[in-house]
Amino acid sequence: VDLRINHIIPVSQANGPGRRYTIWVQGCSIRCPGCSNKDTWDQVAGHDVLINQIVADVSRSDLDGITITGGEPLDQFHALIYLCSVLFEQISIFITTGYTMAQIKEKGYDGILNLLDMIYTGPFDPTLICSGQWRGSSNQEITYLTELGRKQSILPVVSKEIHINTQGDALETGFTI
């Protein structure tokens, strides 16, 4: 099974609590106005990564969790639920989605909630920008679904970080950029 991705940062501290393997999925059907990740919207851009490769990368790392963002992770629901089912109970899982909790239930995606420690829900609203805990606008909600999620909720918030790839390109990331 493949996951269509835009890019991965193997170790990030600005994309959830602690040190996290962070995946930006490719493709977004929501397309929030003011989105800072418009390069993730196109469904056919990006590249496929085998979920087994992601699991292997995460399993051999010393991380606090994995964050799956985008794009819209739930647009790849079947691949996402497979990835989460393999990793759940091995490492903390946090996903960000532009869907509200009500929309997740309406679309039949609520089964994913049993495989997550944390979820951030709701569309980004550029008129409500905030520096809240791992969210971009104040209308978005973070729900801690497990005891591990609740424990990680008190970890320090790193608002942004800069990564430089092997080609010398800089990537600024975080929820308050």
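T96 has Y120 as its bridge partner in β6, and this pair belongs to a parallel arrangement in which 3 bridges join β5 to β6, the strand of residues 118-121. The model is a predicted one, and what follows should be read with that in mind. β5 and β6 are members of an open sheet of 7 strands with mixed pairing, in the order β3-β1-β2-β4-β5-β6-β7.

**The sheet and its helices**

- The edges of the sheet are formed by β3 (47-50) and β7 (141-144), each of which pairs on one side only, and from one strand to the next the twist averages 25 degrees.
- Helix α1 packs on this sheet, where it touches β1, β2, β3 and β4, and its direction makes about 60 degrees with that of β3.
- Helix α2 lies across β1, β2, β4 and β5, and runs at about 175 degrees to β4.

**Buried faces of the helices**

- In α1, the residues I51, I54, V55 and V58 are buried; because they cover an arc of only 100 degrees around the axis, they sit on the same side of α1.
- The elements that cover these buried residues of α1 include β1, β2, β3, β4 and α2.
- In α2, the buried residues are F77, A79, L80, L83, C84 and L87; seen down the axis of α2 they fall within an arc of 165 degrees, so they line one face of the helix.
- The buried residues of α2 pack against β1, β2, α1, β4 and β5.

**Nonpolar cores**

- The largest nonpolar core contains 31 residues, and those with the most contacts inside it are L3, I23, I54, I66, I68, L74 and L83.
- At least two residues of this core come from each of β1, β2 (20-25), α1 (51-59), β4 (65-69), α2 (77-87) and β5 (92-96), with the largest share, 6 residues, supplied by α2.
- Another core, of 5 residues, lies apart from the largest one, and F94, Y120, W134 and F175 are among its members.
- I66, leaving out residues up to four places away in sequence, touches R20, Y21, I23, I54, V58, L87, I91, S92, I93 and F94.
- In soluble globular proteins, nonpolar side chains tend to be buried together.

**N6, a buried polar residue in β1**

- N6 is placed in strand β1, which spans residues 2-12, and it counts as buried because its relative accessibility is 18%, the cut-off for buried being under 20%.
- The side chain of N6 makes a polar contact of 2.6 Å with the side chain of H7, and another polar contact, of 2.9 Å, with the side chain of Q26.
- When neighbours within four places in sequence are set aside, the residues in contact with N6 are W24, V25, Q26, D39, T40 and H47.

**D75, in the loop between β4 and α2**

- D75 is found in the loop between β4 and α2, where its relative accessibility of 26% means that it counts as partly exposed.
- Not counting residues up to four places away in sequence, D75 touches G27, C28, S29, Q43 and Y99, and its side chain makes a polar contact of 3.2 Å with the side chain of Y99.
- D75 and S29 are 46 residues apart along the chain, while their C-alpha atoms are separated by 7.1 Å.

**E89, in the loop between α2 and β5**

- E89 lies in the loop between α2 and β5, and it counts as exposed because its relative accessibility is 74%.
- E89 and D117 are 28 residues apart in sequence, and their C-alpha atoms are 9.3 Å apart in space.

**The hairpin of β8 and β9**

- Strand β8 (residues 161-164) and strand β9 (residues 170-173) pair in the antiparallel sense over 4 bridges, with H163 standing opposite L171 in β9.
- This hairpin has 5 residues between the strands, and within it G168 takes a positive phi near 90 degrees.

Notes:
Residues numbered from 1 in each chain as written. Predicted model: local features only at pLDDT ≥ 70, side-chain atom pairs only at ≥ 80, totals over all residues. Heavy atoms only, no water. Buried < 20%, exposed > 50% of the residue type's maximum accessible area, 1.4 Å probe, protein only. Polar contact = N/O pair within 3.5 Å; in protein donor to acceptor, adjacent residues only side chain to side chain. Contact = heavy atoms within 4.5 Å. Core = buried A, V, L, I, M, F, W, Y, C linked by side-chain atoms within 4.5 Å. Pairing = 2+ DSSP bridges. Axes fitted to C-alpha atoms, helices over the stretch in contact; angles between N-to-C directions. Arc of directions from axis to C-beta.
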